[in-house]
Amino acid sequence: METLLNYFETIPSSHRSLILVGGLTFFWLLEGAVPLFRFNYKKWQHAVPNIFFTLTTIIVNFSLAFLLLKLADWVMANNFGVLNWLPEIPLWLYIVLGVFLMDFFGAYVPHFVEHKVKPFWMVHLVHHSDHKVDATTANRHHPLESVIRFVFTLIGVIIIGAPMGIVLLYQSMSVVATQFTHANIKLPRKVDHILSYVLVSPDMHKVHHHYRLPYTDSNYGNIFSVWDRLFGTYMELDRDQLIYGVDVFPDEKENSTIKGLLRQPFQKYRKPTVTNP
C-alpha cells in the first residue's frame, strides 16, 4: 500500500493521461460489443464536442494543479484535517478512508449543489444536455464547471487533510469510474443492481441523466453509491424508460455544437418539469 501511495504521490502527467485515454478507448470499444441503446448517430461526430470539453477540463485542472499541491502539502505540514486527527490506523484503512471522503467532498457535494443552485445548474446543464449518453459524456463539463469542481476539491483536501497521493489516486479512480457509469453498455440487470449497493453502476447513474425531475435530481454519486442511499437521493428507473437530455432544453442540434454549449450557462433559466415517479 505504501508503494501505491508513493506512486500516486509522484505520478507522471503522461501516466494520468494514459489512464484517461486508455479508459475512454476501452469503454468506447465495449459500447460496440454490448450496447445499452443502439443510437442512430454518427459516433465520432457526437464525440467531438465532448472531447473538446474533456480537453478544457484537463487544461483547467492542470493549470490550477499547483494550488492543489500546495494545499495538500500545507495540511500535511500543519497536521490539519480529519485524516491527521485520527488515532494511528493501518495504512490501507487510511487510504480507503481518504478516497471515500474525497468522493463525498470532491464529487457528491458539488454535484448536489450544482443541481440545487440555479446559476450552478445552468453551468452543469452542459453535461446533462447530451441526448446520446456514452463514455465521451463522462467529462463533458463546461470550463466554468471545471473551476467550480476544482474549488470543492480544494475545500475537500482541507477538511479531509488529504495528502497528494490520495488526491491523485482518487482522481485517477474517478476518471475511470465516470467513464464506466456513462458508457453506453448493458450489464445484466441483477449484476448492475447488486453492484449499485456499493458502487455507482451504469444503470444507477443513467437514471440521473433522465430528462425529467425528480430523476435528474437523484443519484449524484461518483464512485460510491453509499452517499445517495445515506442522504435519500437514491432512485431507480427501469433502463427501458430512460430518455436522455433536459426536457426544457430540447434542441438536440443546439446541444451538440461547441459554440452552443459554451454559451448554455448564460441562457435564461427554465423551470424543469416534474414527473410523478
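Visitor: Does arginine 140 count as buried or exposed?

Guide: Buried means under 20% relative accessible area, exposed over 50%, and partly exposed in between (1.4 Å probe, protein chains only). Arginine 140 counts as buried because its relative accessibility is 1%. The residue is found in the loop between α7 and α8. This is a predicted model, in which local features need pLDDT of at least 70 and side-chain atom pairs count only at pLDDT 80 or more, while totals for chains, interfaces and linings use all residues. Residues are numbered from 1 along each chain as its sequence is written, and side-chain values use heavy atoms, with hydrogens and water left out.

Visitor: Which residues does arginine 140 touch?

Guide: Contact means heavy atoms within 4.5 Å. Not counting residues up to four places away in sequence, arginine 140 touches Asn50, Phe53, Val126, His127, Ser129, Asp130, Asn255 and Leu261. As for distance along the chain and in space, arginine 140 and histidine 124 are 16 residues apart in sequence, with 9.4 Å between their C-alpha atoms.

Visitor: What is the place of threonine 137, and with which residues is threonine 137 in contact?

Guide: Threonine 137 sits in the loop between α7 (118–128) and α8 (143–160). With a relative accessible area of 0%, threonine 137 is buried. Its contacts, leaving aside neighbours within four places in sequence, are His46, Asn50, His127, Asp130, Lys132, His182 and His209.

Visitor: Where is the place of lysine 132, and which residues does lysine 132 touch?

Guide: Lysine 132 is also a residue of the loop between α7 and α8. Its relative accessibility is 15%, so lysine 132 counts as buried. Not counting residues up to four places away in sequence, lysine 132 touches Phe39, Asn40, Tyr41, His46, Thr137, Tyr244 and Glu252.

Visitor: How is a helix to be read? For instance, which residues of α4 are buried?

Guide: Helices (H or I, at least four residues) and strands (E, at least two) are DSSP runs, numbered from the N terminus. An α-helix has 3.6 residues a turn, so residues three or four places apart point the same way. In α4, the buried residues are Leu68, Leu71, Ala72 and Val75. Seen down the axis of α4, these fall within an arc of 100 degrees (taken from the directions from the helix axis to the C-beta atoms), so they line one face of the helix. They pack against α5 (82–85), α8 and α9 (164–182). On the other side of α4, Lys70 and Ala77 are exposed.

Visitor: What follows α4?

Guide: Asparagine 79 follows α4, in the loop between α4 and α5. Most residues other than glycine have a negative phi, and most peptide bonds are trans. Asparagine 79 has a positive phi of about 50 degrees although it is not a glycine. At 45% relative accessibility, asparagine 79 counts as partly exposed. Asparagine 219, in the loop between α11 and α12, likewise has a positive phi, near 50 degrees; asparagine 219 is buried, with a relative accessible area of 1%.

Visitor: Which residues does a cis peptide bond join?

Guide: Leucine 213 and proline 214 are joined by a cis peptide bond, with omega about 5 degrees. Proline 214 lies in the loop between α11 and α12.

Visitor: How many residues line the largest pocket?

Guide: The lining comprises 42 residues, of which Thr57, Asn61, Asn139, Ser174 and Val175 lie nearest the centre of the largest pocket. At least two lining residues come from each of α2 (13–33), α3 (43–63), α4, α6 (91–116), α8 and α9.

How values were computed
On a 1 Å grid over the protein atoms alone, a cavity is a set of points where a 1.4 Å probe fits but cannot get out, and a pocket is an open set with protein on both sides within 12 Å along at least five of seven lines; lining residues have an atom within 4 Å of a point.
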